[in-house]
Structure formats: C-alpha cells, structure tokens
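Me: Please take me through the salt bridges and the strand pairing of this model, with the cut-offs behind each term.

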Amino acid sequence: MSEYAEAVQRLRSVITFLERNSIKVPRTEFTSTIGEWLVMDQLLQQGYSPTLQSGQYDVDILLKSGDRVEVKAATWDSDFGGVYRFDRIKPEKLDHLVCVTLLDDYSEAEYFVFSDDINSLPPRNQTAFNDPERVDNQRLVRILDNPEDNDRQDMKDINDRLEEFHNAWHNLPPV
C-alpha cells in the first residue's frame, strides 16, 4: 500500500468522525484530494514515478515523460438527476484525463482514462465571461446510469463508449 492509499484510508476515517459528530465536511475539497491520491496510488502500482503537482499548478500530476495528467473526481449527484459530473476540463492544459467515480463514503473508486479523446469530449456549451465572441473551450463528462436519459447526443455517445476508457491505463505513455 502506498502512502497515498494510506492517506485516503486515514482521511476517510476523519470524514466519518466529522460526519458522525455533525461537523461540516468540505466535500468538494475532500473529493478532489482523494481522487488525486487514488490516481497517484494507481500510477505507483503500475510502475510510474509521478509527481503530485495539485494546488497552484495547472495540472494535478506530472509523469516522468513530461505528460500532464488532470484528475477529476466525483461522487454520485442525485440532486442533478443521478450522475457523476466532471466539469472544467481544459484540454489545452493536459495530455491525459482521469475521471474518478467515488462512492459517497469514498470506499470504492472506478477510473476512466482519456488521452487522445480529450478534444472530442463534449463541450461545455457556454461562452467565456458572458462574451458571445469568446468561445469557452472547456469540456465536460457526465457518467449516467442510463445515457438515454440525457438530451445531449454527445453525452450519450461518450457514455456508450465508457467501457473503452474504464481502467484504460494503457492510454498513458509507457513507463
């Protein structure tokens, strides 16, 4: 077990303690951090020597090859119609994207690894800074239980192809 996997276990214990004692938990920050740590653990298990950038850097993880890995993590959002939502994906700032789906208690994770397909991910369909002259290049991914429940064809298409990205660590450069 890497120090990252151990850190996830310890943080889960802290979250459980806080929630059991009705102490407010910053879920968004914890979800992002846990996702990054779990991806670091996966990369270490596969023989990579990744560097966790996170925080103030443009990308979350840097591989020895120089490839930039962005990590997006989400828990199930039943308020948004039942979906894992991954937003603010900026293709120009990364070489690989790993979307991590987490159970609400962070006990299980699934990984979806995108590389060459990043630019073909569905666009956010909004303009930057409310300026119609500037097109926002951000992408998004929505993982649904039933892709047919979504009105957007591009979101149905990516959901129909999810299996090819599931645990697709081979999309990363060789170790």
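Me: Is Arg 142 buried or exposed?
Reply: This is a predicted model, in which local features need pLDDT of at least 70 and side-chain atom pairs count only at pLDDT 80 or more, while totals for chains, interfaces and linings use all residues. Residues are numbered from 1 along each chain as its sequence is written, and side-chain values use heavy atoms, with hydrogens and water left out. The classes rest on relative accessible area (buried under 20%, exposed over 50%, partly exposed in between, with a 1.4 Å probe and protein chains only). Because its relative accessibility is 12%, Arg 142 counts as buried.

Me: Which residue meets Arg 142 in a salt bridge?
Reply: A salt bridge here is a side-chain nitrogen of Lys or Arg within 4 Å of a carboxyl oxygen of Asp or Glu, and the N to O distance for this pair is 2.5 Å. The pair links distant parts of the chain, 55 residues apart, with Arg 142 in strand 7 (residues 139–144) and its partner in strand 4 (residues 83–89); strands are DSSP runs of E with at least two residues, and helices are runs of H or I with at least four, both numbered from the N terminus. The partner is partly exposed, with a relative accessible area of 26%, and the residue that meets Arg 142 is Asp 87.

Me: Which residues do salt bridges that share partners join into one network?
Reply: The side chains of Asp 104 and Arg 27 meet in a salt bridge at 3.6 Å, N to O. That pair links the loop between strand 5 and strand 6, where Asp 104 lies, to helix 2 (residues 27–45), which holds Arg 27, across 77 residues. Through shared partners, the network joins Glu 19, Arg 27 and Asp 104.

Me: How many residues apart in sequence are Arg 161 and Asp 117?
Reply: Arg 161 forms a salt bridge with Asp 117, and the closest N and O atoms are 2.8 Å apart. Arg 161 lies in the segment after helix 3 (153–160) and Asp 117 in the loop between strand 6 and strand 7, so the pair ties together parts whose separation in sequence is 44 residues.

Me: Which strand does strand 3 run parallel to?
Reply: Strand 3 (residues 68–75) is mostly covered, with 7 of its 8 residues buried. Two strands pair if DSSP finds at least two bridges between them, and strand 2 (residues 61–62) is joined to strand 3 by 2 bridges in an antiparallel arrangement. The parallel pairing has 7 bridges, and it joins strand 3 to strand 5.
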